[in-house]
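This report goes through a structure of two chains, starting with the place where they meet. Please keep the structure open while reading.

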Amino acid sequence: MSLLRPTGDGLSVKRSLALAAPLAVLLAVIPQLVDAYMTQLLTYGLIFGIAALGFNLLLGYTGLLSFGHSAYFGLGAYTAAFMVKYLGVGSMELYILGGIAVTAVVTAAFGYVCVGYTRIFFGILTLALSQVLWTLAYKFFWVTGGTDGIRVAYGKMTLLAGLVDFTGPGSYQRFIGAYYYYTLVLFALCVVLMWVIVHSPFGKALQAIRDNETRARFLGIGVRKYRLIAFLISGLFAGLAGTLWVPLNGLVTPDIVYWPFSGEIVFMTVLGGFRTFSGPIIGAIVFNFLKTYAVASTAYWQAALGIVLVILVMALPAGIVGGLKQVAGAWRARGRGDGAP
Amino acid sequence: MDILAVQFLNSIFYASILFLIAAGLSLIYGVMRIVNLAHGAFYALGAYVTAWTIGHAVASVHFSILFLLLPVGAVAVAAVGALIEPLLLRPLYGRPEEYLLLVTFGLLLILEDAMHFLFGGMPLTAGAIMDSLGSFPVLGLRYPVYNVLVIAIGAVAAALLWAFVYRTRFGVMLRATSQDRRMASALGLDVRRVYVQAFALGCFIAGLGGAIVVPSQAAVLGMGIDALILAFVVVVIGGLGSLEGALIGALLVSFVRTAGIQFFPEIELAVLYLIAAAVLLVRPTGMFGKA
């Protein structure tokens, strides 16, 4: 059961692939089986999955709880929206490049400031810095549209350097279908990239820092530098997710930079299980469905999510994936026990 | 000049409220090492309960009775806090602090909606109290008497809180627990009781902040989330766990905010966060905090 556990050995590559391949096939055929709305929800889930995956490089692998990841998500989102509004750019690839560039610069600056601290000070510092960006998005309404936000219409946008556009009849269905696969490919690339990162010597060093900073330092690991690189990668994943989110949502508002959204990213990650590689992805997809149905079925969806979070922390602190692993582990141990003479 | 005098009074008014919220946040962190994300919701709850009570009583009782009803919100919030600590927080003390933070985030979501459910989506006010006191002239402008009363309550609360923490037996127990929980426990202190009391006290003063602000500002949904962030800025500047820090931080934040609204409204909030970030960089434990 250690195939997705970050402490995998040489075998784990094959076993991870064996598990990931059927999942990839499943994700690829799902839009053929469900309606456009479902596909859209799943696209949101994959996008949040990218953000949570990046977030977990800090929380799960480096041991730093950021309460400001809304900032990097928002940077990616607002960069794309600005490119639409002020530069008239219509190419998704250019949004992504622009989003990554802007997110990289700001994340590097914020990270440089934050990585000197750990524990609650790190959390508060990331929170404070993210709220600086929120106030800018909120107050400079003549640039950002304030609480009205900036509209980004999918009809004016093209994928794959102009090869795919969405005009004419049925464009919405075509957009949802094409955008799902577009997101899925980027999502798969992100998963592979993150998998390689956490299994590389660099990823192992991060885990050493998480487990014992002093020892890691004595082993010659440049703790600050490693944390900064992890912070940068983490922010870039969130920024990419933000850029991808914009055309799907059609609108960017300051809410996406406000600190409760950072809380939601933490929520997703813990829901899936932050001690596992796949936990944040599962958590993001489940959270998105959970939130959508809660919002649709009750005016008190916040309370419903809050109750889920409290129960989760109380009863299932390892998250969905972590909990399943424990169950599978116990089941296997019992099976072995029965078979023993 | 006259505007300056009124703005000065406004700053002290905001500082009183902000101090009450931040002091509770700081107290809970200092004793229990919990960063309580639901603290703003406690402040909002105090405001709602008081506004609701006064709204229902205003037609039937004399207005002097209304003043006695002001602290109802604070008492209600303290009771809620005394229930929450043993039920939701105590089971998690052995776990990493991330879990406590998450539970308070869940609590924030639940409380926000509970208030929506109980008090509806419309703003609630207790304006009758404010109107009954009228206003007085300040250098040619008029200023509500009630706001001065809030300033007085804030000052008295600060003094009482200080005396409570530094001059009473319970205060000694609080400080002992905050400095070394295990040693305090080994010396025979009932740490569990101290935790409940500290949490309820922190909730009480946050609720009091809400209760006394509501005659001059309506209780609205979301007020807690906004207040929490400002209280965070206050405790980061003053130092998590320090009462003096909360006082100085509240004054600083209020004056910067008032000046900001007057002179640089676009970046008023951004300046506050940047000050907080700068303080954290120079002194991670804040101006008065200890590591």
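## The interface

The area buried between chain A and chain B is about 3,900 Å². Carbon and sulfur atoms give 79% of that area. On the side of chain A, the residues that lose the most area to chain B are Trp259(A), Tyr300(A) and Met314(A), which together make up 15% of what that side buries. The model is a predicted one.

How many residues does each chain bring to the contact? Chain A gives 42 residues and chain B gives 44 residues.

## Polar contacts and the salt bridge

Between chain A and chain B, seven residue pairs are in polar contact, counting pairs with both residues at pLDDT 80 or more. Three elements of chain A give two or more residues to the side that touches chain B: helix 5 (119–139), helix 11 (259–272) and helix 13 (301–315). Helix 5 of chain A supplies the largest share of that side, 14 residues. Sorted by class, the side of chain A that touches chain B holds 34 nonpolar, five polar and three charged residues.

A search of the whole structure finds seven salt bridges over all chains. Across the interface of chain A and chain B, the rule finds one. Which residues form a salt bridge with N and O atoms 2.8 Å apart? The partners are Lys139(A) and Glu268(B). This pair crosses between chains: Lys139(A) lies in helix 5 of chain A, and Glu268(B) lies in helix 13 (residues 268–282) of chain B.

## Chain A

Chain A has 14 helices and four strands. Its radius of gyration is 20 Å, close to the 20 Å that the globule rule gives for 341 residues, so chain A is as compact as a globular protein of that length. Along its principal axes, the C-alpha trace of chain A spans about 70 × 50 × 40 Å.

## Chain B

Chain B has 13 helices and two strands. The radius of gyration of chain B is 19 Å, close to the 19 Å from the globule rule for 291 residues, so chain B is as compact as a globular protein of that length. The C-alpha trace of chain B spans about 60 × 45 × 35 Å along its principal axes.

## Confidence of the prediction

The mean pLDDT of chain A is 85, and 94% of its residues reach 70 or more. Where pLDDT is low, the predicted coordinates should not be read in detail.

Chain B averages a pLDDT of 86, with 99% of the residues scoring at least 70. Among the elements of chain B, helix 4 (residues 72–89) has the highest mean pLDDT (92), whereas helix 6 (residues 127–133) has the lowest (78).

Conventions: Residues numbered from 1 in each chain as written. Chains lettered and ligands numbered in written order. Predicted model: local features only at pLDDT ≥ 70, side-chain atom pairs only at ≥ 80, totals over all residues. Heavy atoms only, no water. Contact = heavy atoms within 4.5 Å. Buried area = accessible area lost by both parts, 1.4 Å probe. Salt bridge = Lys/Arg side-chain N within 4 Å of Asp/Glu carboxyl O. Polar contact = N/O pair within 3.5 Å; in protein donor to acceptor, adjacent residues only side chain to side chain. Nonpolar A, V, L, I, M, F, W, Y, C, P; charged D, E, K, R; others polar. pLDDT = per-residue confidence, 0-100. Rg over C-alpha atoms; globule rule 2.2 N^0.38 Å.
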